[in-house]
Amino acid sequence: MSTIAIAGGHGTVALHLTRTLTDRGHTVRSLVRDPDHQQDVESAGGQMHIVDLEETSVEDIARVLKGCDAVVFAAGSGPGSGAERKLTVDRDGAIRMKDAALQAGVDRYVMVSSMGTDDPPEGDDVFEVYLRAKAAADEAVMASDLQWTILRPGGLTDDPGTGTVTIDRHVDRGEVTREDVATVLAGLLERPGTAGKVLELVGGDTPVDAALDAVA
């Protein structure tokens, strides 16, 4: 079984992913900023490590990642944050994790991105800045020597997971549950054939395993 680090380990997608991975026998190192989240992380099965993606050095993050088989970047600045933190967390944090993974010798990197980053808008609206930040992070990861996969979900909901999705390089815009995103992430980690792919994800009618096998 694998050891997987999740950046942004207290997020809803990350907690779903932690439960899924630990249920399958994997070990999860949850990288979180706030020590008050320990109970939530450990209840989901994760091992908590305090990492502030805006402050912790690449070298210190690399020490946490040492011995891991994969990294999932599921961190985000959050819907209430301003444009500056879209750059320092969603862009720079993902790049810092990429650099730390390379330094720690972790080859596999799965990035949770967003639909709309193929051709992000140029305006100053916070969401437009967010899409540009995610696009820049994606480009930096894709330019690296990592075995990367970029997952770009549509609008996220907190509805219960359906177990069925639509996933391909390009899909029509739509929504997807956070639980289904986590299930897809777990499946990507277990399919080396998805490395080097950019995939968009929304809800759909195809069971997750079948959808992933088709793109792998």
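1. Phe127 and Tyr130 both sit in helix 5, 3 residues apart, which is about one turn of the helix. The model is predicted, and these remarks should be read as remarks on a predicted model.

2. The count of aromatic pairs comes to 1. Phe127 and Tyr130 form this pair, which is stacked, with 5.7 Å from centre to centre and 25 degrees between the planes. The pair counts as stacked because planes under 30 degrees apart are classed that way.

3. Helix 5 covers residues 126-142 and packs with helix 4, residues 83-104. The angle is about 10 degrees, and the axes are 8 Å apart. Angles under 35 degrees count as roughly parallel, and helix 4 and helix 5 are therefore roughly parallel to each other.

4. Which residues meet in this packing of helix 4 and helix 5? On the helix 4 side they are Ala83, Lys86, Leu87, Asp90, Arg91, Ala94, Ile95 and Lys98. On the helix 5 side they are Val126, Val129, Tyr130, Ala133, Lys134, Ala136, Ala137, Ala140 and Val141. By class, the contact has 12 nonpolar and 5 charged residues, and no polar ones.

5. The largest pocket holds about 1200 Å³ of space. It is lined by 45 residues, and those closest to its centre are Ala74, Ala75, Gly76, Ser77 and Gly78.

6. Where does the lining of the largest pocket come from? Two or more residues are given by each of helix 1 (12-23), strand 2 (27-32), helix 4, helix 5 and strand 7 (155-157). Helix 5 supplies the largest share, 5 residues.

7. The lining of the largest pocket divides into 19 nonpolar, 16 polar and 10 charged residues. Polar residues are part of this lining, whereas the contact of helix 4 with helix 5 has no polar residues.

Technical notes
Residues numbered from 1 in each chain as written. Predicted model: local features only at pLDDT ≥ 70, side-chain atom pairs only at ≥ 80, totals over all residues. Heavy atoms only, no water. Axes fitted to C-alpha atoms, helices over the stretch in contact; angles between N-to-C directions. Helix = DSSP H or I, 4+ residues; strand = E, 2+ residues; numbered from the N terminus. Parallel < 35°, antiparallel > 145°, perpendicular 65-115°, else oblique. Contact = heavy atoms within 4.5 Å. Nonpolar A, V, L, I, M, F, W, Y, C, P; charged D, E, K, R; others polar. 1 Å grid on protein atoms, 1.4 Å probe; cavity = no way out; pocket = protein on both sides within 12 Å on 5 of 7 lines; lining within 4 Å. Points joined across faces, edges and corners; volume = space filled by probe spheres on them. Phe/Tyr/Trp six-rings, centres within 6.5 Å; stacked < 30°, edge-to-face > 60°.
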